[in-house]
Amino acid sequence: MNALSLNSVVLSDDEKELVILDQTLLPCEVKYLHLSKAEDIWEAIYALRVRGAPAIGVAAAYGIYLVSAQLETDDMNAFCDNFRKQKAFLDSARPTAVNLSWALNRMEKVLDENKATLPVADMKKRLLQEAHAIREEDIAISRSIGQLGFELLHHGDGILTHCNAGTLATAKYGTALAPVYVALENGWDDLRVYCDETRPLLQGARLSAFEMQTAGVDTTLLCDNMASLLMKRGKVDIIFVGCDRMAANGDFANKIGTSAVAILAKHYGIPIFTCVPTSTIDLSIATGDEIVIEERKPEEVTETWYAQRMAPEGVKVFNPAFDVTDHTLITGVITEKGIAYPPFDKSFEKLGIKPKEN
Ligand code: MRU
């Protein structure tokens with residue numbers, strides 16, 4: 001199996017269904033789901049069947065196209081009303097990754113710019129084009145991030161990553177794991193990748209370790225609480241992590257535990273880069289304090305993956321899905337436009353990263 005051929009999210013050939021690789025079943029089963037109803041697409045995002053900020057954005061773009069195109073009407077007002085209702089519904093699936101609302105807003109912009117001139121049938125085609133563009137751009141963006149990250153690597157490096165920001169989390173290549181794929185394309189076969197298992201949903205164990213092993217990379221899995229010893233023993237040369245939403249000052253939300261990895265990196269003097277498509281940078285918020293952190297159900301901590309319950313009935317559970325890493329802890333931000341170094345607000349400006357229009 002070729003890891004890069006695992007398409008996390010595409011449109012079916014007949015353009016009537018969203019096809020996602022059900023990531024909740026990995027690594028045991030590679031199963032694709034064909035979805036067309038708004039409720040099923042919402043559930044797939046909520047339940048992390050499709051996950052990772054960029055992949056969620058692509059799923060949302062195709063999703064809003066599909067569910068709006070299903071309405072048979074020639075009346076543009078009715079089409080727009082339905083579009084906005086479905087958009088609000090899909091947008092409610094998860095709160096932290098900005099790509100969900102970013103992609104839906106980008107689709108809505110197409111609607112607003114063309115509703116006065118296009119008939120409904122042409123509007124549907126235009127929305128489809130935009131959704132395809134979002135996916136194609138994501139592949140190019142991930143490849144650029146991979147190239148820039150690759151240029152930071154040395155032969156034999158040990159790379160630590162947290163959660164899964166690999167090809168499964170994007171349309172292709174990933175962000176944090178993209179440098180490894182670019183290294184492979186360049187014939188490098190001596191990198192070592194360490195995957196934090198990433199409690200409670202095990203994206204590191206189930207997805208990153210699976211992806212990297214499938215790609216033929218020297219892969220080692222560790223529990224999250226083993227990262228300090230690994231770093232102390234000098235096994236980690238560089239850390240790449242993903243991002244779900246970055247504020248204007250460089251604070252960023254990523255999978256729960258990322259901030260602990262960054263604190264350890266600072267302690268041990270290990271460079272840590274977050275790999276971020278500019279679509280994930282939200283310049284409308286000044287700092288990470290403004291990022292809404294998704295809280296998920298207690299069973300993910302007490303029961304999921306265990307043969308039997310592993311905590312007393314009724315115990316209180318703290319289960320935030322993300323944390324915010326302070327910008328002072330990170331070495332740099334790898335975007336498709338270049339690498340930003342502190343101070344990040346100034347570097348973003350230099351790279352031409354501007355507030356979004358929508
Ligand atoms: O809850 P998840 O699995 O969607 O969280 C994913 C992450 O935190 C990723 O690191 C992030 O979305 C970047 S994916 C390129």
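1. In this note, Ala, Val, Leu, Ile, Met, Phe, Trp, Tyr, Cys and Pro count as nonpolar, Asp, Glu, Lys and Arg as charged, and the others, Gly among them, as polar. By these classes, the shell around the ligand has eight nonpolar, seven polar and four charged residues.

2. The model is predicted: local features need pLDDT of at least 70, side-chain atom pairs count only at pLDDT 80 or more, and totals for chains, interfaces and linings use all residues. Residues are numbered from 1 along each chain as its sequence is written, and side-chain values use heavy atoms, with hydrogens and water left out.

3. The ligand is surrounded by 19 residues, of which R51, R94, D244, N254 and K255 are the closest; a residue is near a molecule if one of its heavy atoms lies within 4 Å of it. Domain 1 (3-142) and domain 2 (149-350) each give at least three residues to this shell, the domain bounds coming from an automatic or database domain assignment. At least two shell residues come from each of α2 (53-69) and β9 (252-255). Helices (H or I, at least four residues) and strands (E, at least two) are DSSP runs, numbered from the N terminus.

4. Which partners do oxygen atoms of the ligand have in polar contacts, that is, pairs of N or O atoms within 3.5 Å? For R94, a polar side-chain atom lies 2.7 Å from a ligand oxygen atom. For D244, a side-chain N or O atom is 2.8 Å from an oxygen atom of the ligand. For G52, a polar backbone atom is 3.1 Å from a ligand oxygen atom. The ligand taken alone exposes 410 Å², and the protein buries 100% of that (Shrake-Rupley method, 1.4 Å probe).

5. Most residues other than glycine have a negative phi, and most peptide bonds are trans. L48, in the loop between α1 (38-46) and α2, has a positive phi of about 65° although it is not a glycine. The bond joining L26 and P27 is cis, with omega about 5°; P27 is in the loop between β2 (18-21) and β3 (32-35).

Technical notes: A polar contact is a pair of N or O atoms within 3.5 Å; within protein, one must be able to donate a hydrogen and the other to accept it, and residues adjacent in sequence count only if both atoms are side-chain atoms.
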